[in-house]
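This report covers selected packing, interface and backbone features of one model. The sequence and structure come before the description.

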Amino acid sequence: MSDIPALARGCAVLGTGGGGDVRTGSLAAARAIREYGEVPLVRLADLADDALIMPLSGIGAPTVSHEMIHSEDEPKRIAEEVERLFGRPPSAVMSSEIGGSNGVAPVAWAAQLGLPLLDADGMGRAFPEVQMVSMYVAGLPADLVIMTDVAGNVVTIRPVDGLWSERLARAVCVAAGSSALMADYVLPAARARGAVIEGTVTRALEIGRATEGASPTGAQAAGRSPADPLGALRDRLGAARLITGKLTDVERRTMGGFVRGTATIEGTGHDRGRTLTLELQNENLVAVENGRVLAMVPDLITVVDTETAGAIQTEGLRYGQRVTVLAWPCDPLWRTSKGLETAGPRAFGYELDYVPVEELTAHG
Amino acid sequence: MADLPELGIGIDVGGTNTDAVMLDAQGRVIAKAKRPTTPEVTEGLRAALDAVLAELGDAQHRVTRVMLGTTHATNAILERRNLGRVAVLRLGAPATTSVPPLSGWPDDLRKAVSAGETIVAGGHYVDGREIRPPDLGAIRRFLDGVDADAVAVTSVFSPAGGEHERLVEELVRAEYGLPVSLSHEIGSLGLLERENATVLNAALYGVAAHVTGALVAALAERDLRARPYLAQNDGTLMTLEHAARLPVSTIGSGPANSLRGAAYLSGVTDAIVVDVGGTSTDLGVLAGGFPRESAAAVEIGGVLTNFRMPDILAIALGGGTVVREQGIGPDSVGYRIVREALVFGGSTATMTDAAVAAGRTPPGEPGWRARLGDMSEGIADMLERAVAVADEMVIDAVDRMALGKSDRPLVAVGGGAFVLPERVPGAGPVIRPQHAEVANAVGAAIALASGRVDTILPAGDSRSEAIEKAKEEAAARAVAAGADPSAVEIVDLLEVPLSYLSEPAVRVHVKAAGPLAR
């Protein structure tokens with residue numbers, strides 16, 4: 001695991017507009033690999049049944065983590081606490097969330113610990129809340145959360161359920177200066193089967209490699225990039241193209257503590273005359289054309305630059321950008337009733353019954 | 001001769017030309033000149049200065065101010081030349097150790113600039129608590145072991161509280177006698193981008209001293225007793241002392257000067273400005289007479305920085321852009337246009353030729369059309385297509401900058417402004433002010449002095465008091481940059497609420513500006 005730029009591009013695509021900027025995590029990962037050596041990528045099947053998997057994620061306010069960057073000692077303290085509690089050290093690090101910065105940073109954390117990275121994560125994309133992970137959907141108890149901060153504090157929480165884990169973790173995070181590293185759902189490999197989404201690190205890498213070398217400054221002419229980065233990306237994702245056009249409006253408003261917004265894309269070329277609106281929170285949640293929903297959470301909706309196929313985060317959306325909106329199916333786990341209850345459209349406040357993206361776009 | 005009202009000279013060193021103008025006390029342009037920019041930039045500067053002074057005869061003593069906008073700092077970074085060696089010091093440990101200073105820098109720039117890097121204890125949390133007190137012992141050990149021309153200090157959350165950085169500045173000045181660059185004076189939140197800008201700033205101290213030295217020498221040689229100023233990236237001026245401390249602020253002054261000059265010459269304070277040069281066209285937006293600033297981080301020499309820069313869209317289109325069968329540019333004949341373009345008897349078809357063939361000629365040059373003479377049908381077709389392609393590029397770029405508001409007028413400036421069409425869909429009327437070809441030098445000549453503060457303040461009961469303090473600080477910084485204390489005004493105040501914090505907080509940006517003190 002050494003191709004950090006490709007992994008970062010892939011994680012940005014899987015971030016579906018959210019998940020945080022991949023830059024700082026990429027720098028940390030590149031540096032940790034130089035310092036501690038490469039990180040082996042292992043599959044769940046490679047691990048012994050009792051091998052402990054340690055899912056890690058950074059939580060907090062993006063403004064803060066962009067300024068008060070993580071300490072290098074944080075993963076070590078969490079690993080030590082895991083060993084104290086379980087009587088054995090963790091065998092692998094797992095990304096809790098493959099989308100955005102939390103998809104790249106685990107490479108740094110694994111390198112610092114000298115551990116392999118598990119080719120899996122807990123979302124297959126990015127979601128904003130602590131309980132929105134596959135382990136919760138699979139019914140594993142959220143009975144242990146370990147957190148640490150830049151100062152060296154270690155907090156172990158034994159919450160009674162997922163809601164309490166979210167509430168208490170937030171409180172600790174604020175006290176720690178609004179940024180912390182967290183492990184939740186530490187679990188032996190035997191219990192991870194069916195409770196994590198496998199193959200997602202490889203998938204992020206492949207997504208990133210599909211658009212390798214694409215840049216807006218004519219790298220294509222230099223023969224270093226695919227002739228059609230957008231087509232390569234669509235093929236790799238198996239994504240439907242919802243629209244290609246120009247971003248003509250981005251509206252943001254604060255609602256219930258979250259920044260909500262709507263982005264409007266007017267079609268160009270083949271799509272001239274069409275208008276797509278995207279409902280955003282941290283992530284792209286629902287795509288609508290003329291009152292007809294074309295895709296909705298938990299399926300993945302990503303806005304990419306039409307020329308380079310690079311993902312654009314929701315806070316990076318600007319008037320005038322030439323963009324293509326892609327949508328593709330989420331992991332089957334999110335389509336179970338517990339999955340939809342956790343992260344379906346109603347979990348985000350939309351009065352919509354979930355319909356899979358492939359059905360919505362099949363007769364378009 | 002009786003003492004006549006004072007005069008000011010503005011000079012802008014661009015990529016192709018160095019422009020100079022002289023303004024009288026009423027702000028009228030009474031002399032202007034364009035000279036090629038020389039590799040050793042100061043020669044072009046002297047030539048342009050001499051050209052406008054020649055119009056004055058022996059009344060040079062009436063010139064009281066000279067304002068210079070220069071690309072010296074930008075070029076030094078791009079070419080990795082004349083950069084100082086910087087001791088890079090970050091206060092934040094145990095936080096921030098996962099990404100050390102200069103991570104992600106191009107190797108050659110890092111080699112040219114870094115005298116050593118370290119992270120020591122210090123810095124603040126978002127709520128103002130100390131992460132740790134600054135470790136002065138570790139700072140001394142680090143500085144004892146490096147051979148540096150300057151020190152760059154970045155402390156976590158310093159835009160909200162710069163005292164740790166100031167403490168280090170005192171120590172370094174007193175014990176090591178080195179100049180110090182403080183991150184809270186340079187960039188906003190976002191540690192790595194602010195640190196990068198701070199290191200570049202410290203690396204530019206020598207370049208700044210060279211430029212200011214050359215300017216002072218040029219004035220002295222000509223027996224000018226004018227006060228010199230440098231233009232900065234927001235379209236305002238700073239004293240040489242201020243420029244010596246913040247040389248990185250001169251980066252981006254060229255486009256900012258064009259925008260300010262365009263506003264002044266056209267009398268329009270809200271507009272799209274299109275500045276057509278020899279090799280490229282810069283588009284910017286005037287809001288309240290000042291350049292709209294970029295919301296995104298800006299890359300300089302391969303390094304991401306976060307100090308505020310004008311929001312500029314540059315496209316590869318200029319008067320010297322080469323026209324071919326297959327299309328136009330992106331290459332340009334640059335300053336060789338006076339030999340190579342068809343209208344000058346050369347053999348290269350350029351955008352200037354295409355524009356002239358379409359009946360668009362520079363003001364005062366109606367004879368240019370005749371110079372093209374009879375062209376073959378093939379050439380005529382090619383030039384006609386080039387104009388259509390260029391117009392599409394401009395229309396598209398204007399649309400991107402206008403953000404959907406189509407009523408703003410378009411002010412056309414720069415030596416190649418005649419290339420632009422009479423109407424641009426997506427913008428209001430096209431205004432072509434007099435002296436538009438030297439708008440950037442005019443912008444330098446009329447500039448105000450300014451100061452800014454970018455910080456985090458509590459959103460609760462103490463909010464209004466804290467904002468008043470931030471305004472006072474911005475005004476004090478404007479005065480430090482040369483503004484008249486009695487005429488400083490707050491020209492920009494921006495509040496952005498922050499989420500997920502223990503106490504409600506707002507991010508505040510304040511800018512003050514005022515005319516130069518006499």
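At roughly what angle do the axes of helix α1 and helix α7 of chain B cross? The structure is a predicted model, and in it the axes of α1 (residues 42–53) and α7 (residues 205–221) of chain B cross at roughly 35° and come within 11 Å. The crossing of α1(B) past α7(B) is right-handed. On the α1(B) side the residues in contact are B:T42, B:L45, B:R46 and B:L49, and they meet B:A214, B:A217, B:A218, B:L219 and B:E221 of α7(B). Sorted by class, this contact has six nonpolar residues, one polar residue and two charged residues.

The loop between β3 (29–36) and α1 of chain B holds B:T38. Apart from neighbours within four places in sequence, B:T38 is in contact with B:E43 and B:G44. A polar atom of the B:T38 side chain lies 3.0 Å from the backbone nitrogen of B:G44. In the loop between α7 and β9 (227–231) of chain B is B:D223. B:D223 is not a glycine, yet its phi is positive, near 60°.

Another helix of chain B, α9 (residues 253–266), contains B:L265. Not counting residues up to four places away in sequence, B:L265 touches B:V29, B:P433, B:Q434, B:H435, B:A436, B:A439 and B:V442. B:E495 is 230 residues from B:L265 in sequence, and their C-alpha atoms are 32 Å apart.

**Interface of chains A and B**

Between the two chains, 38 residues of chain B are in contact with 30 residues of chain A. About 2900 Å² is buried between them, and carbon and sulfur atoms give 58% of that area. The rule finds 16 residue pairs in polar contact across this interface, both residues being at pLDDT 80 or more. On the side of chain B that touches chain A, the elements giving two or more residues are α6 (191–203) and α13 (377–402) of chain B. Of these, α6(B) gives the most, with four residues. The residues on this side of chain B divide into 20 nonpolar, 11 polar and seven charged.

**Salt bridges**

Side chains of opposite charge can pair when their charged atoms come close. Over all chains the count is 51 salt bridges, and the count between chain B and chain A is four.

Why are A:E166 and A:R170 separated by about one helical turn? A:E166 and A:R170 are about one turn apart because they lie four residues apart in helix α7 (residues 162–175) of chain A.

**Cis peptide bonds**

In chain A, the peptide bond from A:V297 to A:P298 is cis, with omega near 10°. A:P298 is in the loop between β14 (292–296) and β15 (300–305) of chain A. In chain B, the bond from B:A93 to B:P94 is cis, also with omega near 10°. B:P94 is found in the loop between β5 (86–93) and α3 (107–113) of chain B.

How values were computed. Residues are numbered from 1 along each chain as its sequence is written. Chains are lettered from A and ligands numbered from 1 in the order in which they are written. This is a predicted model: local features need pLDDT of at least 70, side-chain atom pairs count only at pLDDT 80 or more; totals for chains, interfaces and linings use all residues. Side-chain values use heavy atoms; hydrogens and water are left out. Axes are lines fitted to C-alpha atoms, for helices over the stretch in contact, and angles run from 0 to 180 degrees between N-to-C directions. A crossing is left-handed if the near helix is turned anticlockwise from the far one by less than a right angle, and right-handed if clockwise. Contact means heavy atoms within 4.5 Å. Ala, Val, Leu, Ile, Met, Phe, Trp, Tyr, Cys and Pro count as nonpolar, Asp, Glu, Lys and Arg as charged, and the others, Gly among them, as polar. Buried area is the accessible area (1.4 Å probe) that two parts lose on being put together, summed over both. A salt bridge is a side-chain nitrogen of Lys or Arg within 4 Å of a carboxyl oxygen of Asp or Glu. A polar contact is a pair of N or O atoms within 3.5 Å; within protein, one must be able to donate a hydrogen and the other to accept it, and residues adjacent in sequence count only if both atoms are side-chain atoms.
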